[in-house]
Amino acid sequence: MRTRLCDTFGIQYPIFAFTRCKEVVVEVSKAGGMGVLGAIAFSVDELEPALAWIDEHIEGRPYGVDVVMPAGIVDAAPPDLESMIPEQHRQFVESVLARFNVPPLPAGDPAWNGLLAWVHSQARSQVEIALSHPIKLLANALGPPPPDVVAAAHEHNVLVAALIGKAEHAQRQVEAGVDIIVAQGTEAGGHTGDVSTMVLVPEIVDAVSPTPVLAAGGIGTGRQVAAALALGAEGAWTGSIWLAVAEADTHPAVVEKLLHATSRDTVRSRSWTGKPARMLRTAWTDAWDAADSPGALPMPLQFMLTGNAQSRMHLFADREARELVGTPIGQIVGEMNEVRPVREVMAGLVRGFEDTVDRLDQLTSKVGSPR
Ligand SMILES: Cc1cc2nc3c(=O)[nH]c(=O)nc-3n(C[C@H](O)[C@H](O)[C@H](O)COP(=O)(O)O)c2cc1C
């Protein structure tokens, strides 16, 4: 499974793992892949200690950080953004929670930070912190990172990756100085376009050659890693499968749902952030798709509107909010049927890849044989 990117990063397998959990980052990198910490949900004060913890535990293995700097998003100050949220939407959120009798947050229990780091001012602070640690990769979702961010990363010898879902955007990313393109198909969990991995990856490989491409979306077995490499990718970028590993901090009620979900139990919904994101289908996503829904607000307003509700759904996930609680997740959830440690998942991907390549080798030798 050796590709150029193994040498670039000094990793054994070109398997990249997006996760918001620092323990998973460390375990993936120690198992020969490359853990990438999703920084979006970390405040600036939380990110520094999380990266320090990784540095302390990762035994010198390479890792990366992922930020979200959406192209063209408003970058207003929080009070101004708050005033842009219509009262009708606030009432709708309360009415959905009331339908399930979800209690308010107990006094003193802080709600999730609704603004997160979607706005560039916050993401830039995260980039600054990330670059003060020995990271090897800075990834960005939702458009090419601004030129000064690319330049700062390169000054620190950090390569830049960007996630894209449309071949039309590929060349623009390379021109913006992005070193690695993550071609993410519609199967993927989180923000996603509408073209499948099978179609998108070769399109993007051809569009940006010789820039290396990682395939993302729907990769959870060694067979799928082999398929990604067959399509011309130089590695796999995975996300969903790390939500149900033993080291993950996913809420147990959510893990339970993931283990039982099939590949048809996801939906592309704007209810999370305002941009289409693939998520577990729940009573919450259904409510936003129903006829009486006011429709999602544009990013970053939707998560500001729903951050408090998300906190309540997670706090009461075992009780009143059982039907509402969910997570972004890809169609590969249908293959996620047991909780296993990261090391075992990685070993399974490698073994599955080798079996697949052996099987394909036999096919070619049969075709070539006169008997
Ligand atoms: C819970 C969850 C949150 C995600 N959040 C982000 C994010 O903040 N930034 C990002 O670049 N990608 C994010 N993604 C997408 C992943 O980086 C990755 O491309 C995707 O999970 C790959 O497809 P898969 O889910 O089929 O493995 C997220 C995915 C999931 C499942």
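When I write helix or strand, I mean a DSSP run (H or I of at least four residues for helices, E of at least two for strands), numbered from the N terminus. I'm working on a predicted model, where local features need pLDDT of at least 70 and side-chain atom pairs count only at pLDDT 80 or more, while totals for chains, interfaces and linings use all residues. Residues are numbered from 1 along each chain as its sequence is written, and side-chain values use heavy atoms, with hydrogens and water left out.

I looked up proline 210 and found it in the loop between helix H9 (197–208) and strand E8 (213–216). Another cis bond runs from methionine 299 to proline 300, with omega near 5°. That proline 300 sits in the loop between helix H12 (283–289) and H13. I also noted glutamate 59, which has a positive phi of about 55° although it is not a glycine. I located glutamate 59 in the loop between helix H3 (44–57) and E3.

**Ligand site**

Which residues come nearest to the ligand? Of the 18 around it, they are Asp66, Gln184, Gly218, Gly239 and Ser240; a residue is near if one of its heavy atoms lies within 4 Å. Next I went through polar contacts, meaning pairs of N or O atoms within 3.5 Å. (Within protein, one atom must be able to donate a hydrogen and the other to accept it, and residues adjacent in sequence count only if both atoms are side-chain atoms.) Aspartate 66 puts a polar side-chain atom 2.6 Å from a ligand oxygen. Glycine 218 has a polar backbone atom 2.7 Å from an oxygen atom of the ligand, and for glycine 189 I read 3.0 Å from a polar backbone atom to a ligand oxygen. On its own the ligand exposes 600 Å², and the protein buries 97% of that (Shrake-Rupley areas, 1.4 Å probe; for residues, only the protein chains shown count as cover). Strand E3 (63–68) and strand E9 (236–238) are the elements giving two or more residues to the shell.

**Helix pairs**

Helix H6 (residues 120–131) packs on helix H7 (residues 147–155) at about 10°, axes 11 Å apart. Axes are lines fitted to C-alpha atoms, for helices over the stretch in contact, and angles run from 0 to 180 degrees between N-to-C directions. H6 and H7 are therefore roughly parallel, as angles under 35 degrees count as such. Arg124, Val127 and Leu131 of H6 meet Asp148, Val149, Ala152 and Ala153 of H7, with contact meaning heavy atoms within 4.5 Å.

I then checked helix H5 (residues 87–99) against helix H13 (residues 301–315): their axes come within 10 Å and cross at roughly 10°. So H5 and H13 are roughly parallel to each other too. Among the residues in contact are His89 and Arg90 of H5 and Leu305 and Thr306 of H13.

Methods:
Angles under 35 degrees count as roughly parallel, over 145 as roughly antiparallel, 65 to 115 as roughly perpendicular and the rest as oblique.
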